[in-house]
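Student: I would like to check the labels on this structure against their definitions. Can we go through them one by one?

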Amino acid sequence: MNEIRCLVISSSIDYSTDYVCLELEARGVPYFRINRDQLLEYKITLDVDREAMAFEVAGRSYSFSNAVGNSVFFRAPTFLRTCGKPYSLEEQVYHTQWGAFLRNLVLFDNVTWVNSPADTYLAESKLYQLHVARMVGLAIPKTFATNSSKIPLDADMYAVKSIDTAHFATSDLEYFAYTSAVPREELEESDLSLAPVCVQEYLHGKVDMRVAYINGKLFPFEIRSNGEGIEGDWRKTRKEDLRYTPVKLPAGISEKLCALMRELRLKYGGIDLARCGDAYYFIEANPTGEWCWLQESTGVRICPSIVDALMGGGAQ
């Protein structure tokens, strides 16, 4: 039976995970990849008493144990988002029970996680992130979570977004909600009673930033279009019009971002900031956020630091 040092949990179409696996292979690290969309192809047994897992796939056997020096690369959301799609009984069993099984792997408490499902679950809560960011000294936009328009509104424009990822579906269409700029008058007249939304101070003249955080290292990038900052949600801009530029953060901001991620117990996260002049605002951190598009477009090597973290290198 082949002993592995690194267990990789992802999906078959995750490009970022492909990079990590290639780096593990280049370093000669024995690993096993479990794709959440191909779980029927594996035979997996978790021995709770021995704190060990055995895998069989394509006639080969592997094992993984709860030992110091081993690691798990966990690239999976912990909230089950069905997008409103009708699932058969078999599909419901598959998604719920395999999801629970993978979350229960937190019993491997001697290994290095990037990131633990328990920590990912808490860190996916956007309002909690803002609370922790403010606690460590980062600036955040003034924020309300509400299903009422009767809140103190004293500005002309507000940024309105979902509290959780807003991805919905009907029988023939899928919908994704981006952050919207909403005038005060429209917001005051809106009926928000169906569900709470996040209403934030609108940041005029901002420059968006994405920071890849890896175990105490920061890889910051500015996001611009035609050399300028982007009003509203930059994700609505055509990809070919976006430019990503590596930048350096002020030391004080870097220290606070590292403190934030330590408080969230994350070894990896994709952090969104907005810079307005010399002021830096924390927007959110995604514990399973993408990073390979930054590496490909700028040439900045991010992947080796992720594998360093998996192998226990560096200090958080």
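Tutor: Start with the elements: helices (H or I, at least four residues) and strands (E, at least two) are DSSP runs, numbered from the N terminus. This is a predicted model, in which local features need pLDDT of at least 70, side-chain atom pairs count only at pLDDT 80 or more, and totals for chains, interfaces and linings use all residues. Residues are numbered from 1 along each chain as its sequence is written, and side-chain values use heavy atoms, with hydrogens and water left out.

Student: Where is glutamate 189 placed?

Tutor: In a loop. Helix H5 (184-188) lies on one side of that loop and strand E14 (197-201) on the other.

Student: Why is glutamate 189 called exposed?

Tutor: Buried means under 20% relative accessible area, exposed over 50%, partly exposed in between (1.4 Å probe, protein chains only). Glutamate 189 has 70% relative accessibility, so the label is exposed.

Student: What makes Asp156, Glu185, Glu186, Glu188 and Glu189 a patch?

Tutor: Patch residues have over 30% relative accessible area and no salt bridge, and like charges are joined within 9 Å. A salt bridge would need a side-chain nitrogen of Lys or Arg within 4 Å of a carboxyl oxygen of Asp or Glu. Asp and Glu count as negative. The five named residues gather on the surface as a patch of negative charge.

Student: How do you know that E1 and strand E6 (residues 60-65) pair?

Tutor: Two strands pair if DSSP finds at least two bridges between them. E1 and E6 have 2 bridges, in the parallel sense. Asparagine 2 has tyrosine 62 in E6 as its bridge partner.

Student: In what order do the 4 strands of the open sheet stand?

Tutor: E1-E6-E5-E4, with mixed pairing. Strand E1 (2-3) and strand E4 (43-47) are the edge strands, each pairing on one side only.

Student: What makes strand E18 (residues 268-276) mostly covered?

Tutor: The count: 9 of its 9 residues are buried. Both faces are covered, with Tyr268 among the buried residues on one side and Ile271 among those on the other.

Student: Which strands pair with E18?

Tutor: Strand E15 (residues 207-214) joins E18 through 8 bridges, antiparallel. Here methionine 209 stands opposite leucine 273. Strand E19 (residues 279-286) joins E18 through 7 bridges, also antiparallel. Leucine 273 stands opposite phenylalanine 282 in E19.

Student: How many residues lie between E18 and E19 in their hairpin?

Tutor: There are 2, and glycine 277 in the turn has a positive phi of about 65 degrees.

Technical notes. Patches are made of residues with over 30% relative accessible area and no salt bridge: like charges are joined within 9 Å, nonpolar side chains (Val, Leu, Ile, Met, Phe, Trp, Tyr) within 5 Å. Accessible areas come from the Shrake-Rupley method with a 1.4 Å probe; for residues, only the protein chains shown count as cover. The place of a charge is taken as NZ of Lys, CZ of Arg, CG of Asp or CD of Glu.
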